[in-house]
Amino acid sequence: MDQKILISKIDSAIRFLLYLLIFWLPYSSAVVETCVVFSSLLWLSKRMVIYCSAAGPADVKIKFSVNKLIRVLTPSPSPLSQPIAFFLIICLVSILTSSSPLRALSGLMTKTFEWFTVYFLILEVIKERRHVFICIGIFMFTSLATSGDGIIQFHLIHRDIFNGHRIEPGAGATAGFKTPNDFGGFLTFVLPLSLVLIFSNRLAHARGIMILCFLLMLWSLFVSYSRGSILANMMGMSLSLFFVRRKWLLPFLGGLLILIICFYFLITSDI
């Protein structure tokens, strides 16, 4: 098979696994970790294909081959490469001074490295505008489903539809997460992104639907009772409006204040 075709197929497989990761992000850490592992293996296989095709004749010195291998295995460059390297150096220093270095090293390898791996995989294969829109579309779909799950859990059946997490009547919604704060933390990224999409010219034909989805997700945030997440979302959405539609910032804050006051009197809770 032609090298370019093979690399293209590997990139497509990695993209599919990343789409799957985004879809299952709120509900299954096992699926997320499996996608990361298989994507990383595919990335290594791709880099080995590149290395084998560019290694040169067999009589080339080993030193040159090692240097070539290092260059081939170096992740795609980005503006965050140096800050990430600095952060990882600090993590390694903290491991050396930790009272449980083996446990700290395990956490670094299995948790911290995982999301940097995802970041560099995205740089590797999400290169076209349509790839970005597919990622955003999948993420918004699963976010909407998660928000609907949290609202149904809070108002109707008091348990999460997908994972069966139960809450006491009057307690904050968790959706598929273990705690309301986890749910609110997830929405802290979703809601500012939704607000930006509402003002996107490319989605002008679906603006009404986007507004309804935004309000649904906003209500799911309030019924999570996660005060920290509510405050973080206010700041995040205000910052989003500051950059994309500054003239809407004051009306948005006024409407949000009215919504908070109404929520306070409608819901009997210590919140």
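Predicted model: local features only at pLDDT ≥ 70, side-chain atom pairs only at ≥ 80, totals over all residues.
**Entry 1: K46**

I then asked which side chains K46 meets in salt bridges. One of them is D11, with an N to O distance of 2.9 Å. K46 belongs to helix 2 (residues 29–54) and D11 to helix 1 (residues 3–24); the two are 35 residues apart, and the pair links distant parts of the chain. I find D11 buried as well, at a relative accessible area of 12%.

The other partner I noted for K46 is E124, at 2.7 Å from N to O. Because K46 sits in helix 2 and E124 in helix 5, this pair ties together parts that are 78 residues apart in sequence. E124 has a relative accessible area of 4% and is therefore buried.

**Entry 2: the network**

D11, K46, R47 and E124 are linked in a network of salt bridges. For the structure as a whole I recorded five salt bridges.

**Entry 3: E33 and K111**

I turned to the salt bridge between E33 and K111, whose closest N and O atoms are 3.5 Å apart. E33 is in helix 2 and K111 in helix 5, so this pair, too, ties together parts that are 78 residues apart in sequence. Are its members buried or partly exposed? I find E33 partly exposed, with a relative accessible area of 33%. K111 is likewise partly exposed, at 48% relative accessibility.

**Entry 4: helix 5**

I examined helix 5, which covers residues 101–125 and has 25 residues. From its first C-alpha to its last I note a reach of 34 Å, close to the 36 Å expected at 1.5 Å a residue. Where does helix 5 bend? The bend is at F113 and amounts to about 40°. I listed the buried residues of helix 5 as L108, E114, V118, F120, L121, E124 and V125.

**Entry 5: C135**

Lastly I looked up C135, which is found in helix 6 (residues 129–157). Its relative accessibility is 14%, so C135 counts as buried. Setting aside neighbours within four places in sequence, I find C135 in contact with Y19, I22 and I126. Between C135 and Y19 the C-alpha to C-alpha distance is 6.3 Å, although 116 residues separate them in sequence.

Conventions
Residues numbered from 1 in each chain as written. Heavy atoms only, no water. Helix = DSSP H or I, 4+ residues; strand = E, 2+ residues; numbered from the N terminus. Buried < 20%, exposed > 50% of the residue type's maximum accessible area, 1.4 Å probe, protein only. Contact = heavy atoms within 4.5 Å. Expected span 1.5 Å × (residues − 1). Bend = angle between axes of the 7 residues up to and from the residue. Salt bridge = Lys/Arg side-chain N within 4 Å of Asp/Glu carboxyl O.
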